[in-house]
Amino acid sequence: MKNLIKPLAIAAALLPLSALAHKQWIAPSKTVLNVDQWVTFDAGSSTDPFVRDHNAARLDNLVITAPDGSTVAPENQSSGKLRATFDLQLKQPGTYKIAVVNTGISASWDDNGQTKRWPARGTPFTPEGFAQEVPKKAKDLKVTQSIGRLETFVTAGKPNDTALKPTGKGLELVQVTGFNDLYTGESATFQFLIDGKPAADVEVEVVADGTRYRSAVNEIELKTGKDGRFTLEWPQPGLYWLSASVQDKKADKPATERRSSYTASFEVLSP
Amino acid sequence: MRHRIPLVLCSMLPGTVLAANLDLTIEIPRLDVAEYHRPYVAVWLEREDKSVAANLAVWYQQPKKGEKVPAAAAAGAPGGMQGAAANPQGGAKWLPDLRQWWRRSGRELTLPADGITGATRAPGEHAMSFNVADLPAGQYKLVVEAAREEGGRELVDVPFQVPAKDAQVIKAKGSRELGAISLSVKP
């Protein structure tokens, strides 16, 4: 048992986000709607996307951008054991972006054969705390910045792209074919950006909802081209989970490594 | 149950364009189901690139006249649900279920639209006449889409050409949500 714990702890230290085995997801009840309609969202993390069997997602950093670019508040927000939930009335025509952006810096180092980490889970990074708690010359010191985006999109009436403008920070997805205009039998093209510029050679994983009711995950693995774009065909209608992550050295101090991750869910309809 | 709705769709577009005289009959089948709701139906003309040349008809549940928000619904509903029970837009919230129509043009229309939108129709044959002006020569499809609460969705399309060489009648048939469809095109 002892032999097993150490490699696991090192693996955990290398991936500072809780992205180890659990996939984060936001599941919208519908994505193609009319103005004034209500839509509800579940958000959680689990081994298989959309399966409510592990933990509710933390929605502290939930931001809903309305079609005119303003921020609107979710309604009836609550958190259960297995999923968090909130409602939204689509009062404006156009496309809404629902995003949870988690950022942070964490450090890990080797202290006499023991892996230490700071800050503790659920506590924020502060420069003062970092100066105080993290030994500058520790063995295998690794300071990692993480930027994680968890998104989904819904449209009332005609889609627009005001809410979809990239922020230019971390890994982001841009529509080439519409996020809420996805149909089986048609190919969809999206583009990944890193800090606002095309992200080439990014590995993208796509999983269809319903893994519980089939014997294989059947994930679709893709890679972005030089222009950051990738194209896929949807095997069947339903909800899809799409995710990618990139590691680089473009971190904010005191971090030296940066991990940018992006996850979104999309609804595909039959034509 | 035969209605004749003469309709002229005009526009101010310049250029050499033609008109199409279309006589259309749509059959809404009588279905032996426990809970029957009349289908929502959309009829439009599609160009070869699937863009919409003309919206001809949309049947959906109209708002009831003089409907008011019940005080109980306004007071008792959580999270700003006031008015949801009164449904002032009629069945407009279900229009996205006419999925292709919604995607191709419905989501851009302001409803109700004069001469296009109307109440749902009972099972039976429904005849309509359209004089569609301003159609450049080319291949078109007349598309009929039906979606029914507690039921399914079906699309039937009828290809035709503008200008028509001779008067012709083109027939198509749905399998469940739509019955016989007959389109008569006159030059």
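Which residue of S19(A) does A:Ala244 stand opposite? In the predicted model described here, local features need pLDDT of at least 70, side-chain atom pairs count only at pLDDT 80 or more, and totals for chains, interfaces and linings use all residues. Residues are numbered from 1 along each chain as its sequence is written, chains are lettered from A and ligands numbered from 1 in the order in which they are written, and side-chain values use heavy atoms, with hydrogens and water left out.

In S19(A), A:Ala244 stands opposite A:Tyr262. Strands are DSSP runs (E, at least two residues) and helices likewise (H or I, at least four), numbered from the N terminus. Strand S19 (residues 257-268) of chain A pairs with S18(A) in the antiparallel sense over eleven bridges, where pairing requires at least two DSSP bridges between two strands. Antiparallel pairing also joins S18(A) to strand S15 (residues 203-208) of chain A, over five bridges; A:Val206 has A:Leu242 as its bridge partner in S18(A). Strand S18 (residues 238-248) of chain A is largely enclosed by the rest of the structure, because eight of its eleven residues are buried (under 20% relative accessible area, 1.4 Å probe, protein chains only).

Chain B contains two helices and ten strands, in the order β-β-β-β-α-α-β-β-β-β-β-β from the N terminus on. Of its 187 residues, 44% count as buried. Among contacts in chain B with a separation of 6 or more, 68% are accounted for by residues 24 or more positions apart, a contact being heavy atoms within 4.5 Å. The accessible surface of chain B (Shrake-Rupley method, 1.4 Å probe) comes to about 9900 Å², and 52% of that surface belongs to carbon and sulfur atoms.

Note on methods:
Buried means under 20% relative accessible area, exposed over 50%, partly exposed in between (1.4 Å probe, protein chains only).
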